[in-house]
Amino acid sequence: MIYMGHYLLGTYEVFANLHGINVDDFAMVLPEIKARNASIIFDDGLKCHLEAAELCLEKGIDISFAIPEQAVSVPDILLVHKAHLCVAHLEEYKIKSELSNFCEYRVIIDKVEKLGFYKHQDSSMTVKAFKYLVNYSNIDVSNIVESLFSEIKSSFLPINFYMTKLEIQDIAKRGIKILPHGKSHQNLRQLALDNKFVAVDDILESIKFANRYNSVESFVLPFGTPDSVNMAVIEMILSNGVKNIITALPSTNLFSLESVSSLVPRTDLKVLLQ
Ligand SMILES: [Zn+2]
């Protein structure tokens, strides 16, 4: 199971400055994926992945799309992606000063360093702290993200960023699986700790969404790391007819949840490029 959670830098201009994988590099790993008889899951219903999907179909590779329900139902860009766009298009000092106005910047940096968040990424500590606050903390940083995003907002329309309903219908008709990936793409563990009912709704709505296109057996966990899942989340997902929960790590050992046979590890596509 190969996971393509990176932006594809190809013909879709909106994605040009984001961190991602060049379309030529992507095409280069496809023979290996085909030889391994592996399948690819594309993350988040990003428009750029349509181009990648065509390359896979030409090679006869089995693919599916994990799509957050709100990427389609709400005419807005999800918080997780707004943060990426801010990092790509704003001077770093702006992000740093916004974070410093909001919280004890040094405390957050220390925490990110100590816990090892994004330690394999070569981005700066400001970027890591920003992404940590957006994706993993229990602090609501939506105001910071919205304030930063408002500076670049006019360049980015959701319709250019995500696949449209019609495009999803079209790929589903061609036999590509649509998989649930949360409603809002928030960290489900954190959501469940804050409010169990909101987490249940997030999971349920996303399963309903994917079921409109095909019957759902697998759920793709947003983020997928140990900090985004716990037993309560696993039980919530499995009690809604799902058999497999696809996670980020190449191994599930770090979860301390080895006994949970429904957790299916995935391999990041970038591993194949190294
Ligand atoms: Zn995702």
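Strand β7 and strand β8 (residues 244–247) run parallel and are joined by 3 bridges, where strands (E, at least two residues) and helices (H or I, at least four residues) are DSSP runs numbered from the N terminus. Two strands are said to pair if DSSP finds at least two bridges between them. The structure is a predicted model, in which local features need pLDDT of at least 70 and side-chain atom pairs count only at pLDDT 80 or more, while totals for chains, interfaces and linings use all residues. Residues are numbered from 1 along each chain as its sequence is written.

**The sheet of 3 strands**

- β7 and β8 belong to an open sheet of 3 strands, which has the order β7-β8-β9 and parallel pairing.
- The edges of this sheet are β7 (218–220) and β9 (263–265), each of which pairs on one side only.
- Neighbouring strands in this sheet are turned by 30° against each other on average, direction ignored, with axes taken as lines fitted to C-alpha atoms and angles running from 0 to 180 degrees between N-to-C directions.

- Strand β1 (residues 2–4) pairs with β10 in the parallel sense over 2 bridges, and Ile2 stands opposite Thr267 in β10.
- β1 also pairs with β4 in the parallel sense, over 3 bridges, and here Ile2 stands opposite Ile40 in β4.
- β4 in turn pairs with strand β5 (residues 63–67) in the parallel sense over 4 bridges; Ile40 stands opposite Ile63 in β5, and Ile41 stands opposite Ser64 in β5.

**Burial and the nonpolar cores**

- A residue counts as buried if 20 or more other C-beta atoms lie within 10 Å of its own, as exposed if 12 or fewer do, and as partly exposed in between, with C-beta atoms placed from the backbone.
- Both faces of β4 are covered, as Ile40 and Phe42 on one side and Ile41 and Asp43 on the other are all buried.
- In β5, 5 of its 5 residues are buried: Ile63, Phe65 and Ile67 lie on one side, and Ser64 and Ala66 on the other.
- The largest nonpolar core holds 54 residues, of which Ile41 and Phe42 touch the most other members; such a core is a set of buried Ala, Val, Leu, Ile, Met, Phe, Trp, Tyr and Cys residues joined through C-beta atoms within 7 Å.
- Leaving aside residues up to four places away in sequence, Phe42 touches Met4, His49, Ala52, Ala53, Ile63, Phe65 and Ala66, where contact means that the C-beta atoms, placed from the backbone, lie within 7 Å.
- A second, separate core of 20 residues includes Val87, Tyr136, Val141 and Val145.

**The two domains**

- The domain assignment of the protein gives domain 1 (2–76 + 162–273) and domain 2 (79–155), and domain bounds of this kind come from an automatic or database domain assignment.
- The contact between them takes 8 residues from domain 1 and 7 residues from domain 2.
- On the side of domain 1 that touches domain 2 there are 2 nonpolar, 4 polar and 2 charged residues, with Ala, Val, Leu, Ile, Met, Phe, Trp, Tyr, Cys and Pro counted as nonpolar, Asp, Glu, Lys and Arg as charged, and the others, Gly among them, as polar.
- The centres of domain 1 and domain 2, taken over C-alpha atoms, are separated by 23 Å.

**Individual residues**

- Most residues other than glycine have a negative phi.
- Asn37, although not a glycine, has a positive phi of about 60°; Asn37 is placed in the loop between α1 (23–35) and β4 (40–43) and is exposed, because 8 other C-beta atoms lie within 10 Å.
- Phe223, also a residue other than glycine, has a positive phi near 70°; Phe223 is found in the loop between β7 and α13 (231–238) and counts as buried, because it has 21 C-beta neighbours inside 10 Å.
- His81 lies in helix α4 (residues 79–89) and counts as buried with 23 C-beta neighbours inside 10 Å.
- His81 and Phe161 are 80 residues apart in sequence and 9.4 Å apart in space, C-alpha to C-alpha.

How values were computed: Contact = placed C-beta atoms within 7 Å.
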